[in-house]
Amino acid sequence: MIQNYRKEIKAVLENIESDIPFKVKMAFPESVNDGNIISYFELTNISTNISIVDDIAYQIDLWFFDMDELFEMLSLVDCTMTEKGFLRQFVSPDSMLHDASGYLRKTLRYGRRVDTLLNRLID
């Protein structure tokens with residue numbers, strides 16, 4: 001059975017404490033008028049050769065206008081996700097910071113194996 005962890009990921013991101021204003025969405029910004037956005041989506045949710053273990057991975061994109069705010073939020077998102085037990089699997093290179101939309105964009109990917117019976121992250 002496919003497990004849905006989107007609610008947990010959204011809650012984790014929304015609970016980040018910061019003076020920097022941001023919204024959490026499950027979609028890329030539609031225009032620069034959306035303001036600072038942290039978007040997330042599932043990359044993979046697959047079963048393994050163990051019936052009660054799945055591999056999950058999520059992509060988190062930070063869409064900001066100010067470089068200092070972007071990197072401060074990058075650090076907060078990474079701390080939050082790793083404290084929850086996710087392993088960082090990718091961070092986009094700085095050469096990809098400037099998005100054609102006008103945003104500064106940084107991409108992170110996190111994943112882990114999940115015990116689907118106990119709903120907990122495992123190795």
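Does Thr116 count as buried or exposed, and at what relative accessibility? Thr116 counts as buried, because its relative accessibility is 19% and buried means under 20% relative accessible area, with exposed over 50% and partly exposed in between (1.4 Å probe, protein chains only). The model is predicted: local features need pLDDT of at least 70, side-chain atom pairs count only at pLDDT 80 or more, and totals for chains, interfaces and linings use all residues. Residues are numbered from 1 along each chain as its sequence is written, and side-chain values use heavy atoms, with hydrogens and water left out.

The protein chain contains 2 helices and 6 strands. These elements are DSSP runs numbered from the N terminus (helices H or I, at least four residues; strands E, at least two). Their order along the sequence is α-β-β-β-α-β-β-β. The radius of gyration is 15 Å, close to the 14 Å that the globule rule gives for 123 residues, so the protein chain is as compact as a globular protein of that length. That radius is taken over C-alpha atoms, and the rule is 2.2 Å times the number of residues to the power 0.38. Along the principal axes, the C-alpha atoms fill a box of roughly 45 × 25 × 25 Å.

Of the 123 residues, 42% count as buried. The protein chain exposes about 7,100 Å², and carbon and sulfur atoms supply 51% of that area. Accessible areas come from the Shrake-Rupley method with a 1.4 Å probe; for residues, only the protein chains shown count as cover. Contact means heavy atoms within 4.5 Å. Among contacts with a separation of 6 or more, 59% join residues 24 or more positions apart. The side chains include 13 positive and 20 negative ones, and the centres of the two sets lie 6 Å apart. Lys and Arg count as positive and Asp and Glu as negative; His and the chain ends are not counted. Each charge is placed at NZ of Lys, CZ of Arg, CG of Asp or CD of Glu.

The largest nonpolar core has 25 residues. Such a core is a set of buried Ala, Val, Leu, Ile, Met, Phe, Trp, Tyr and Cys residues joined through side-chain atoms within 4.5 Å. Two or more residues come from each of α1 (6-14), β2 (37-47), β3 (53-64), α2 (67-83) and β5 (104-115). Leu13, Ile38, Ile60, Leu62, Val77 and Met81 have the most contacts inside the core. Beyond four places in sequence, Leu13 is in contact with Phe22, Val24, Ile38, Tyr40, Ile60, Val77 and Met81.

Helix α2 also holds Glu69. Glu69 is partly exposed, at 27% relative accessibility. Leaving aside neighbours within four places in sequence, its contacts are Ile20, Asn36 and Phe64. Glu69 and Asn36 are 33 residues apart in sequence, and their C-alpha atoms are 9.4 Å apart.

Ser92 is found between β4 (87-91) and β5. Ser92 is buried, at 4% relative accessibility. Outside four places in sequence, Ser92 is in contact with Arg105, Lys106 and Thr107.

Thr116 sits in the loop between β5 and β6. Not counting residues up to four places away, Thr116 touches Gln3, Tyr5, Ser51, Ile52, Val53 and Asp54. Its C-alpha atom is separated by 21 Å from that of Gln89, 27 residues apart along the chain.

Asn119 lies in the loop between β5 and β6 (120-122). Asn119 is partly exposed, at 42% relative accessibility. Its phi is near 55 degrees, a positive value in a residue other than glycine. Most residues other than glycine have a negative phi.
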